[in-house]
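The tour goes through a sheet and then a set of charged pairs.

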Amino acid sequence: MTASQPLTATLSKREACDRRWDVGIIGAGVAGASLAIHLARQGQSVLLMESQRFPREKVCGGCLTQRAIASLEELGVLPACQAAGAVEIDAIRIRQGTHEHRWAIPRMLSMRRSTLDTILVRQAIASGADYLDQTYVSMGPSEPRTAGEVRMQLRSRDNEAKAPHEVQVRVAMVAAGLTRSPLAKREAWPATIEPHSRIGVQTLVPAESLEGHPGPWSDALQLRAQHDLDMLIGSDGYLGISRTDGDFYDFAAALDPAAIGKHGSIAAAIDALLASCGLPTIRAITPQGWKSTPHLTRRSWPVARDRVFLVGDTMGNVAPFTGEGMSWAMAGAKWLSDRLQDPLAFSSDQGSGDRAMAEVETAWNDWAGIQRRRHQTVCQWVASQVRYPTRTAWVLRGLDGIPPGRNILLRKATQ
């Protein structure tokens, strides 16, 4: 069975609601599927729920850093990712205007999210988790109706008018991405969007469209050097281009929303960014169109309370540069799953179990703060520098002249 074949649910909604689960996970992306693998291996009963049908594409540059690769190996899926065609990246080429800088970086992998997420969900199922797709989930009241319990309402994509099913779990994990859709109207879970936050946009372009297109694309990007990550920096955002599995090029950008309004469309804004770097446009050769995200730079607080934990991008994010988001998601999934073993070992009616769970909630809130201060600092710094063309030019020239400092920065940026 290949990663391109559709995934099917392991049970029906009614069957899911007839059971009481240790853990319910909303969202089967990198964070949710990684959690499902770790928790199922511990012997917990895990229900992994997803609103889409896999495989599906998702806005993402698809870069897997050193820490992410180590996590994939621990999850037992690295060989499957390599067999599916993950492309190795060992250099980054940064363009701003007519200036170009090419530096070696620690090895990364490039993969489409449709491939990676499907592999992770298959591994979760193989580890003992149950999987329910094409299901929208909303949370119950902020306080559990019964001690040691969280309730979720499930609706199918095609029967919004029908009464929802209800499923009971001991712990709920919300891994629903930037939209935080299961918590959208919950005052207990506030979120803030940073001023001037950019949005993410992405498309996949078949390799043959670029390499065989009558124009200067092949020469301009040296596309046949498949192991480079190209980063193009303009006044309205930045764009990453990398070869990925399935004979595609992944075009993923962080753009100022105002730039899209100024140019009239995402495609036109991308073309303007390409033109500012002396490259040809691609509007005529992007048959799959552009997908977009909500604002990237946001923060949720708290990230744990009342037996509900936010994980992955649902916790908040900064504008990523080289795949940091997936690295953080997998590291967090491992950290959290390890600490949930003891609370879940208690029966639901034991007060000591509630106290143990409360301690994990406090620790997860603390972990999120440390994560933002320690691991997102480099990403935040890079994202702030590239907003100012003159400053960016000086920083890039300085890094060219100070190789040791540059290498330290690149290692931290590709963790």
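Start with the open sheet, whose eight strands run in the order β3-β5-β4-β12-β13-β14-β11-β15 with mixed pairing. Strands are DSSP runs of E with at least two residues, helices are runs of H or I with at least four, and both are numbered from the N terminus. Two strands count as paired if DSSP finds at least two bridges between them. Select residues 63–64 and 291–295 to see the edge strands, β3 and β15, each of which pairs on one side only.

Next select residues 266–276, helix α9, which packs on the sheet and touches β11 (199–206), β12 (228–234), β13 (237–244), β14 (248–255) and β15. Contact here means heavy atoms within 4.5 Å. The direction of helix α9 makes about 90 degrees with that of β13; axes are lines fitted to C-alpha atoms, for helices over the stretch in contact, and angles run from 0 to 180 degrees between N-to-C directions.

The model is predicted: local features need pLDDT of at least 70 and side-chain atom pairs count only at pLDDT 80 or more, while totals for chains, interfaces and linings use all residues. Residues are numbered from 1 along each chain as its sequence is written, and side-chain values use heavy atoms, with hydrogens and water left out.

Now go to β4 (residues 87–96) and β5 (residues 99–110), an antiparallel pair with nine bridges. Pick Arg95 and find its bridge partner in β5, Glu100.

The whole structure holds 20 salt bridges, each a side-chain nitrogen of Lys or Arg within 4 Å of a carboxyl oxygen of Asp or Glu. Select Arg93, Arg102, Asp228 and Asp230 together; salt bridges link them in a network.

Move to Arg151 and Glu149, joined by a salt bridge at 2.5 Å, N to O. Both Arg151 and Glu149 are buried (under 20% relative accessible area; exposed is over 50%, partly exposed in between, with a 1.4 Å probe and protein chains only).

Then select Arg243 and Asp247, a salt bridge with its closest N and O atoms 3.0 Å apart. Arg243 is buried at 8% relative accessibility, whereas Asp247 is exposed at 52%.

Finish at Asp354 and Arg307, whose salt bridge has its closest N and O atoms 2.7 Å apart. Which parts of the chain does the pair link? Asp354 lies in helix α11 (residues 351–374) and Arg307 in the loop between β17 (304–305) and β18 (308–310), 47 residues apart. Asp354 is partly exposed at 30%, and Arg307 is buried at 8%.
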